[in-house]
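Subject: Structure handover, pockets

Hello,

Here is the structure for you to look at. My notes on its pockets follow.

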Amino acid sequence: MPSPCDPKYAPVGDVGAALMMIDSRLKAVYDNKTETDPEQQQMVDQFAASLGPTGIDALLDGACTLIFMLMRWLRLACEDHDKDVIEYSVPPLVATMRMMPKTFRPEVIPTMAGLLVAAATDLSPNLWRAQYGRWTEAEMNPLEATAVLLAEHVNRIADDHDFATRLITEALSSSDEE
C-alpha cells in the first residue's frame, strides 16, 4: 500500500526560488559573513512578501523538495559506501542545529530532524510535515537553515562549495529537457 507521504503525491513547489535563497546563504557562509546583511535580508523579505500566500507555500514546498533531493543524493552516496544515511547525516546536522539556538529553538529541532529522516527514507518532507498542520512562523527560518546546512553538508562531502547548487540545477535542467 503506497504511503500518503510518497513523493509522487507531493507538490514540487518553487525549487528555483528556494535554490536561489539557499545558494545566497551558502555564499555568505563561505565568505565568512555570519551576520545577516540587513540589505540582503530586506531584499529577501521583499521577495517573500511579493510572493503572496500561494507563492510562500510554493517556496516552502520548493525548500522541502531541495531537502528531498539532497537527502536522496546523500542516501545514494552512503549506499555506495555501505553507510546508513540517517546515521551518517542526521546526528551531525542536529548537533549543528543545537549549536545555533537563535536560529533553531529547541522545539523546532525535532521537526527539522523529522524532515531529514522523512527524506532519507524516501518520503516527501512536505507531505510528512503537512500531517501536523500548517507551517508556523517559528519554523520558517529553521526550514531555510536546515536546507542550507544540508547543502553545506553535501558540499563538504563533495569537497566543492558549489556542488549542491550544481546538483539541483542540473536536475532541474534535465527535467526541463524531458
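Helices are DSSP runs of H or I with at least four residues, numbered from the N terminus. A pocket, found on a 1 Å grid over the protein atoms alone, is an open set of points where a 1.4 Å probe fits, with protein on both sides within 12 Å along at least five of seven lines; its lining residues have an atom within 4 Å of a point.

The model is predicted, so local features need pLDDT of at least 70 and side-chain atom pairs count only at pLDDT 80 or more, while totals for chains, interfaces and linings use all residues. Residues are numbered from 1 along each chain as its sequence is written, and side-chain values use heavy atoms, with hydrogens and water left out.

The second largest pocket holds about 180 Å³ of space (a volume is the space filled by probe spheres set on the points, which are joined across faces, edges and corners). Helix H5 (125-130) gives the most to its lining, four residues. H2 also supplies at least two. Among the lining residues are Pro11, Asp57, Asn126 and Trp135.

The largest pocket holds about 1,600 Å³. Of its 44 lining residues, Arg25, Gln41, Asn141, Glu144 and Ala145 are the closest to the centre. Helices H1 (15-30), H2 (38-80) and H6 (140-158) each give two or more residues to this lining, and H2 has the largest share, with twelve. By class, the lining has 23 nonpolar, nine polar and twelve charged residues (nonpolar: Ala, Val, Leu, Ile, Met, Phe, Trp, Tyr, Cys and Pro; charged: Asp, Glu, Lys and Arg; polar: the others, Gly among them).

Regards
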